[in-house]
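Please read this report alongside the sequence and the 3D view.

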Amino acid sequence: MKNSREYYDSIAISYNTQSKERLPYLNAIDDLVVEKMKNHSNLNYLDIGSGDGRRAIKITNKLNISKLSLLEDSEGMLKLLNDKKVILHNVSFFEFSSNDSYDLITCLWNVLGHFPSKNHRFEFFHKIENLLSEKGVLIFDVNNRYNISYYGFENVMNNLVNDRSNNEDTGWFSLRNENVATKVYIHNPFDINEYLKDTSLQLIDTLFVNYETGNLEKTFFEGQLFYIIGKNDGTETTC
Ligand SMILES: C[S@@+](CC[C@H](N)C(=O)[O-])C[C@H]1O[C@@H](n2cnc3c(N)ncnc32)[C@H](O)[C@@H]1O
């Protein structure tokens with residue numbers, strides 16, 4: 001089993017084909033980010049787990065962004081980047097340090113699921129607290145193990161039963177591409193409450209997005225999880 005960096009280095013060559021197969025969903029998520037941020041200007045934007053950078057650059061071209069930084073662990077993925085002018089950080093997020101504060105941070109397409117442990121996910125949110133500007137927002141989407149529409153009724157029932165065991169291992173699956181595999185964490189809709197509990201962050205919005213069509217759905221049984229998070233400063237954060 002490879003770690004995330006090794007896995008993405010190995011599959012980088014076919015990444016474009018894989019992301020094209022998921023295009024309606026990915027485009028819908030990009031549109032949601034643009035819709036939420038379209039009335040803001042001069043944004044300092046950081047995209048974490050950028051992959052080939054295509055989506056962050058597309059989002060940047062549709063918004064008023066003053067500075068875009070891409071952060072990506074896998075050198076193989078960054079080699080796919082067309083635009084060589086953007087600011088690149090070829091490090092794991094957990095080794096990244098910055099004196100900047102960001103108005104928009106995105107982490108798109110289950111990047112959080114590739115972090116090696118639950119403690120890393122907790123660390124992620126604590127680090128985000130320090131990286132966000134006062135009115136800044138974190139926007140991310142993760143795969144949802146209660147998504148019946150995509151994973152099917154039987155698998156979701158098994159996931160619900162496993163979750164009752166309160167075992168640390170629940171939610172971990174194997175992600176395979178030809179002869180290469182890595183472990184990936186598929187979230188449940190309640191994980192977010194635990195992540196934010198001891199932070200100064202607050203949940204602004206949760207949406208459920210159909211993994212095949214990109215349509216917005218009414219319940220978490222029908223889609224992947226899309227979150228908008230802001231700082232909890234006692235006032236309402238507006239997007
Ligand atoms: C499913 S891909 C998504 C790529 C891109 N966001 C997109 O939507 O096309 C997940 C990406 O997260 C990156 N990644 C995983 N863990 C990371 C970490 N700790 N720091 C930086 N990047 C990471 C992987 O290398 C991979 O490129």
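The report below describes a predicted model.

## Overall form

The protein contains 9 helices and 10 strands. Its radius of gyration is 17 Å, close to the 18 Å that the globule rule gives for 239 residues, so the protein is as compact as a globular protein of that length. Along the principal axes, the C-alpha atoms fill a box of roughly 45 × 45 × 35 Å.

Of the 239 residues, 34% count as buried.

An open sheet is formed by 8 strands, in the order β3-β2-β1-β4-β5-β10-β8-β9, with mixed pairing. Its edges are β3 (87-89) and β9 (216-217), each of which pairs on one side only.

In one part of the sheet, β1 runs parallel to β2 (residues 65-71), and 6 bridges join the two strands. Within this pair, Ile48 has Leu71 of β2 as its bridge partner.

Strand β10 covers residues 224-231. How many of its residues are buried? The count is 8 of 8, so β10 is largely enclosed by the rest of the structure.

The pairing of β10 is antiparallel with β5, through 6 bridges, and antiparallel with β8, over 8 bridges. Ile228 of β10 takes part in both pairings: Ile139 stands opposite Ile228, and Asp205 also stands opposite Ile228. In a regular strand, side chains alternate between the two faces of the sheet.

## Helices on the sheet

Helix α4 (residues 54-62) lies across β1, β2 and β4. The direction of α4 makes an angle of about 175° with β2.

Helix α6 packs on the sheet as well, touching β1, β4, β5 (132-142) and β8 (201-209). Between the directions of α6 and β5 the angle is about 145°.

## The ligand site

Which residues are closest to the ligand? They are Gly49, Gly51, Asp73, Trp109 and His114, in a shell of 22 residues that surround the ligand. By class, this shell has 10 nonpolar, 9 polar and 3 charged residues.

One of the closest residues, Trp109, is found in the loop between β4 (102-107) and α6 (118-131).

## Two residues with positive phi

Trp109 is not a glycine, yet it has a positive phi of about 75°. Is Trp109 buried or exposed? With 21 C-beta neighbours inside 10 Å, Trp109 counts as buried, because the cut-off for a buried residue is 20 or more.

Asn42 is another residue other than glycine with a positive phi, here near 60°. Asn42 lies in the loop between α3 (23-37) and β1 (43-48). It has 9 C-beta neighbours inside 10 Å and therefore counts as exposed, the limit for that class being 12 or fewer.

Notes:
Residues are numbered from 1 along each chain as its sequence is written. This is a predicted model: local features need pLDDT of at least 70, side-chain atom pairs count only at pLDDT 80 or more; totals for chains, interfaces and linings use all residues. A residue is near a molecule or strand if its C-beta atom, placed from the backbone, lies within 6 Å of it. Ala, Val, Leu, Ile, Met, Phe, Trp, Tyr, Cys and Pro count as nonpolar, Asp, Glu, Lys and Arg as charged, and the others, Gly among them, as polar. Helices (H or I, at least four residues) and strands (E, at least two) are DSSP runs, numbered from the N terminus. Two strands pair if DSSP finds at least two bridges between them. Two residues are in contact if their C-beta atoms, placed from the backbone, lie within 7 Å. Axes are lines fitted to C-alpha atoms, for helices over the stretch in contact, and angles run from 0 to 180 degrees between N-to-C directions. The radius of gyration is taken over C-alpha atoms; the globule rule is 2.2 Å times the number of residues to the power 0.38.
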